[in-house]
Structure formats: C-alpha cells, structure tokens
Amino acid sequence: MKIRVRVIIESDDGVGEMVQKITQLERGQLRPEELGLTLAEAKGLLEGLQRTVVERQIAEYSKQQSSCPLCSKLRSHEGARAIIYRTLFGKIELSSPRLFHCLCQPHPTRSFSPLAELLAERTSPELLYLEAKFASLVSYGLSMKLFEEALPIGAEINASTIRNHILAVAEKLERELGDEQVFFIEGCERDWEELPRPEMPLTVGIDGGYVDSCEQKGKKDGRFEVIIGKSVTAEGESKCFGLVNSYDTKPKRRVFEALKSQGMQMNQQITFLSDGGDTVRELQLYLNPQAEHLLDWFHVSMRLTVMNQMAKGLGPEASESRAGALKQLESIKWYLWHGNVFKALRQIDHLETDLEDEVITGASSEKLRVTLQEFQTYIENNQRWIPNYGELWRAGETISTAFANRPWIKC
Ligand SMILES: [Zn+2]
C-alpha cells in the first residue's frame, strides 16, 4: 500500500489552488513497528510540511512587499541574499530581497530588506522556547540529544548553539525586568479591598546556600551565596526562582515578578518560609502587605538533629551526660515546636551552662557547646519568625520547605 501526503494550498480569494507533494509512505504486511508513523517518517513529514508552509507564507509576504503601500508603485530590486531561519521543524534557507524605497515619501535609507528585518532573530520563538525549557531541566548536551532524537531540527543544533540562544533569551528577559525597589507593596488598604477576591494563599520557600571556589585562598575568596525559592499555589502549581544576591542588581524585583506571574494580588495571603539567613530574610520583606514570614521548621529541626548526633557522640563512658544532653535537646525542640521561644532560649542557656561547667562531659562536648552557641544566636535572630508550629501543623498549614524538593540545595 502507498500513502501519499499532499498539501492543498488555497488562496484567500479561493481562485488559486495548489497541490504540493510532501511525502509518500509504503506499507506491506502489518507489523507493530509500522503501524502508524515511525519517528523518522514523522520527522520527514513535519520537515516537508514546514518547508511548504513557510515557502507559501514567504511568497505571499514578498508579493505584499513588492509594491509601495502608499502609492502602490512597484519597488525596484537591488538583488537578494540568502538567510537561514531555524524552526523546530527544520532549517530553512530563504531568499531575502533588497528593495529600493519608493520615492513618494522620504526615507532615512535608500533601500531595505523587509524579510531580513522581520526575521531579525533567525530562530523561531518556539524553538527558543523549547531550547530554554529543556536546558532549564537538563544539561545543554542532553537537551541537544533530545532535539536530535525527536525533532527535524535536531541535526542542526549543538550544545553551544543552545547555550548561546539561552544567553540571548536571558539577556532579553533581563532587559524586560523592571527596576529594583525596596518596597513593592502597591496601593493602600482601601485599594486592596476593591481588588477581586484573591486566590487561596501562596506558600513561598526561600533558601540560601554557599558555593565555594575550589581554588579558594581565603574564607571569602570565590565564595558566593545562591538563593533559590519555590512558590506554590494552593492547587499545587509551582514556580521556581534563583539568584546570586551579591551579583544580582534586582533580586527583589525578580522574586516579586515570579510571584506576580502566579497571580499574586495585594489582598492575597502569602506565607514565606525561609532558612533564617539575613540575605534571605531581607529579600522577602515588603513584597506583599498580607505576607506572613516564618522560620522554616526544616532548618530548625535539622540543626537539632545535628546536635542530637553530637550528644549521642559524647561516648559510652559518659552515659549520664549523654542522657542529660539528649533530654535537654528534646525539651528545646518541644518548646520551639510550640513557639515558646522564651523557654527554649532558657533551656539552651541551661544546657550551655552544663557544658561550660562540665556537668555534661564527653568526647564531643566542646563541639556540641560551639554548635549550641550558634544555634542560640540563630534562634535569637529569628525569634520574630518562630510561630507555634504545632498549632499550624494541626491546622494543615505548611511549616516546612520540604515541599520545595530540597535535594538540589545543600545548606
Ligand atoms: Zn510610493
């Protein structure tokens, strides 16, 4: 059996009709791998169809451009040159004519190339979109392999093309990003009341992690903090953002735009969960008047888990110290879980004194003392953001950024 695929092109006035052959498929005895289209056939079909559609569109465009739109006089040609346009379904060579401007109007130049100007980017927006989408999920090399496997343009794309395109897209997005501000809250209470009923609350997890240079000479040499976050709607739709605070000139604007793209309104409830670092805490302020800022329970409990390990490491010969430290740590955790910072800090003080006075001793006691001291500062600095986690948790609220798929960050 032979299957011929042809395209019928009808002109707008319905007068002309053109049939263009695209491909021919042949099938014999039915075999599973030949039921329907194979990948190679699909690629060939798309490529052929794309070429035909583009050729017709270009022919029509060239016809429109051939005469002056004001006086309808034919424009004279000054030759043509080939331009390459890349689309998802193939690389297409197009003839771009250079035309003389009509003399009925003054023009800054003598001639122009309408097609080359229209397709200034030489890459279709859809191809750029897909390149950016894949490259945000996997490496440039893997994106390239995916294109190669599935799309007619595949053979024409390599990893560095994708990289260059992403860079150009990123630079374009940067240019479109508004100015940085300290304060992003718009309007006043009266305006917010008039806004449409907002969507359910948004939950935003923000986290910072330090990246060190492998050729580091000093502690701060080559060190920078990467801040990443994820905003999740009540329906579970999420959006991620990331930035390097010391490098980015518009960090707050970036976060604000990410939230705005999820439909954030000034009358919408929004909960920020963060690791409690200074830069991260500063970043989430003044973005929304209804914002609630919480210290992420994940970070509190991780620090307590580390101290628990140290307490267990006090050694078998210090079993009393070990039991005492573990009991006190449990009590600190319990107070923090219930948002009782005052008592938690008192308990921390107590354990610290026990360690200093050597009431609690053992192999890792000095390490535990230092870590506990850091934890004390951490809790003191973040006490404003510590809620009654237990109560929120029972009410079904998010108290931890464990939802933000945290394996991609190490803190
Ligand atoms: Zn004219």
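Guide: Helices (H or I, at least four residues) and strands (E, at least two) are DSSP runs numbered from the N terminus. This is a predicted model, in which local features need pLDDT of at least 70 and side-chain atom pairs pLDDT 80 or more, while totals for chains, interfaces and linings use all residues. Residues are numbered from 1 along each chain as its sequence is written, and side-chain values use heavy atoms, leaving out hydrogens and water.

Let's begin with arginine 6, which sits in strand E1. Its relative accessibility is 44%, so arginine 6 counts as partly exposed (buried is under 20%, exposed over 50%, partly exposed in between, with a 1.4 Å probe and protein chains only). Together with Lys2, Arg4 and Lys21, Arg6 forms a positive surface patch (patch residues have over 30% relative accessible area and no salt bridge; like charges are joined within 9 Å, nonpolar side chains within 5 Å). Strand E1, residues 2-10, gives the most to this patch, with 3 residues.

There is a nonpolar patch too: Leu137, Val138 and Leu142 make one of about 280 Å². Leucine 137 belongs to helix H3, residues 125-137, and counts as exposed because its relative accessibility is 63%.

Now for the paired charges. The structure holds 15 salt bridges (a side-chain nitrogen of Lys or Arg within 4 Å of a carboxyl oxygen of Asp or Glu). In one of them, glutamate 78 meets arginine 110 at 3.3 Å, N to O. This pair links distant parts of the chain, 32 residues apart: glutamate 78 is in strand E3 (residues 77-87), and arginine 110 is in the loop between strand E4 (90-100) and strand E5 (111-112). Glutamate 78 is partly exposed at 34%, whereas arginine 110 is exposed at 58%.

Lysine 91 and glutamate 156 form another bridge, at 3.2 Å, N to O. Lysine 91 lies in strand E4 and glutamate 156 in the loop between helix H4 (140-150) and helix H5 (159-176), so the pair ties together parts 65 residues apart in sequence. Lysine 91 is partly exposed at 33%, and glutamate 156 is partly exposed at 33%.

Glutamate 174 and arginine 254 meet at 2.7 Å, N to O, in a further salt bridge. Because glutamate 174 lies in helix H5 and arginine 254 in helix H7 (residues 251-260), this pair ties together parts 80 residues apart in sequence. Glutamate 174 is partly exposed at 34%, but arginine 254 is buried at 18%.

Terms used:
Accessible areas come from the Shrake-Rupley method with a 1.4 Å probe; for residues, only the protein chains shown count as cover. Lys and Arg count as positive and Asp and Glu as negative; His and the chain ends are not counted. The place of a charge is taken as NZ of Lys, CZ of Arg, CG of Asp or CD of Glu.
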